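My notes are set down in the order in which I looked things up.

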Amino acid sequence: MQPVVFSGIQPSGQITLGNYLGALKQFVSVQGDATGYYCVVDMHAITVAQEPKQLRERIFDLASLYLAVGLDPNQSTLFVQSDVKEHAELGWIMQCVAYMGELSRMTQFKEKTEGKDGVSAGLFTYPALMAADILLYQTNLVPVGDDQRQHLELTRDLALRFNTRFGETFTVPEVLLMKEGARIMSLDDPMKKMSKSNPNPASRIEMLDTPDEIRKKISRAVTDSGREVRYDPEQKAAVANLLVIYSAVSGQTIEEVIKQYEGRGYGDFKKGLAEAVVSHLEPIQQRFHEIRSSGHVIDVLHDGATRAREAAQKTIDKVKRNVGLGANRA
Ligand code: AMP
Ligand code: TRP
């Protein structure tokens, strides 16, 4: 039997090259050997304020991007989280399995709430909903970027706790991380991850940036005071990050890229990097615009939700039976 693969991305901003290299690219690479579920996690997006019209547009943008990078709706199930009510249902049950203490230890929660007022309760219980997303499909593998590793650990703990308390119900999933690309850093600060919510747009490359925007952002990316293109994540974190990006978009190994720029300095290296990113993204962008304007994505998402619901219902029936919920006879 093929492994079940599940992953999700929030429609909460413009998708970045970090999302692509850490997550989306993996979705496509496992597609032939897996039963894939790829979700637009809109209920996670509303844990922070979203403008309704913009949220709806971003849902379709993200789903169109799923298709544009190469997910095939005949092979994978693409759907929107809120279209499958079982996510909310199991999300609640998982909130009752998770402890306040373990949720308080999530670094993403701490980072997102630091110095903020009006933090929603949903942002706190977010990992319980994420666990529900994954466990509903009896998932074996979850391709994500490194920042989601802690959430995945918690998902595994919750699955094990549930199984121990209520009997074998869930498959315990494993995380799937890229060797390179699991943590793409900001262009303006190699200590921060590239993020769609960073207030500085020059910190990230967005999947739909124009070639000129890409060239400009890369030419301004921080490096260091040296000249030599070398892979040294400790001493030369910014250059190491650019090398990882170069290698991922060009298909060359990091060593091959270094060799190519021997004795040539950062200027040439950045120019080459910009062209490599532009030529990798161009066909994706072209497909994106075709798909986005065709309206086809609505049918894909409806069909995906129907398929996802079928699988999710089986799990939720079992969960309710095992927990003792509802008026159905065991
Ligand atoms: P999010 O944007 O938080 O919905 O993240 C969607 C997916 O992209 C998750 O699997 C993240 O781990 C991944 N991701 C986000 N930012 C990065 C990054 N800078 N480098 C690698 N992966 C990332
Ligand atoms: N929390 C993830 C992120 O911010 C998004 C997400 C929600 C997810 N549900 C998921 C990822 C299930 C993988 C599996 O990136």
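**Conventions.** The model is predicted, so I note that local features need pLDDT of at least 70, that side-chain atom pairs count only at pLDDT 80 or more, and that totals for chains, interfaces and linings use all residues. Residues are numbered from 1 along each chain as its sequence is written, chains are lettered from A and ligands numbered from 1 in the order in which they are written, and side-chain values use heavy atoms, with hydrogens and water left out.

**Largest pocket.** I took pockets from a 1 Å grid over the protein atoms alone, as open sets of points with protein on both sides within 12 Å along at least five of seven lines; lining residues have an atom within 4 Å of a point. The largest pocket holds about 1500 Å³ of space, a volume being the space filled by probe spheres set on points joined across faces, edges and corners. I find 49 residues in its lining, with Q108, K112, D147, K193 and S195 closest to the centre. Helix α7 (121-135) supplies the largest share of that lining, 5 residues. Helices here are DSSP runs of H or I, at least four residues, and strands are runs of E, at least two, numbered from the N terminus. β1 (4-9), α1, α2 (42-45) and α6 (107-113) are among the elements that each supply at least two lining residues. By class I count 17 nonpolar, 21 polar and 11 charged residues; Ala, Val, Leu, Ile, Met, Phe, Trp, Tyr, Cys and Pro are nonpolar, Asp, Glu, Lys and Arg charged, and the others, Gly among them, polar.

**Ligand 1.** I checked where ligand 1 sits, and it is in the largest pocket, by the rule that more than half of its atoms lie within 2 Å of the grid points. Its shell (residues with a heavy atom within 4 Å) has 16 residues, the closest being G145, D147, I184, M194 and K196. Helix α1 (residues 17-30) gives the most to this shell, 4 residues. I then listed polar contacts, pairs of N or O atoms within 3.5 Å. An oxygen atom of ligand 1 lies 2.8 Å from a backbone N or O atom of G145, and an oxygen atom of the ligand is 2.8 Å from a polar side-chain atom of K196. A backbone N or O atom of G18 is 3.1 Å from a nitrogen atom of ligand 1. The protein covers 94% of the 480 Å² of accessible area that ligand 1 has on its own (Shrake-Rupley method, 1.4 Å probe).

**Ligand 2.** I note nitrogen atoms of ligand 2 at 2.6 Å from a polar side-chain atom of Y126, at 2.7 Å from one of D133 and at 3.0 Å from a side-chain N or O atom of Q148. The protein covers 91% of the 360 Å² of accessible area that ligand 2 has on its own.

**Cavities.** I searched the whole structure and found 2 cavities of 30 Å³ or more, a cavity being a set of points where a 1.4 Å probe fits but cannot get out. The largest cavity has a volume of about 100 Å³. Helix α3 (residues 52-68) gives the largest share of its lining, 4 residues.

Definitions and conventions: A polar contact is a pair of N or O atoms within 3.5 Å; within protein, one must be able to donate a hydrogen and the other to accept it, and residues adjacent in sequence count only if both atoms are side-chain atoms.
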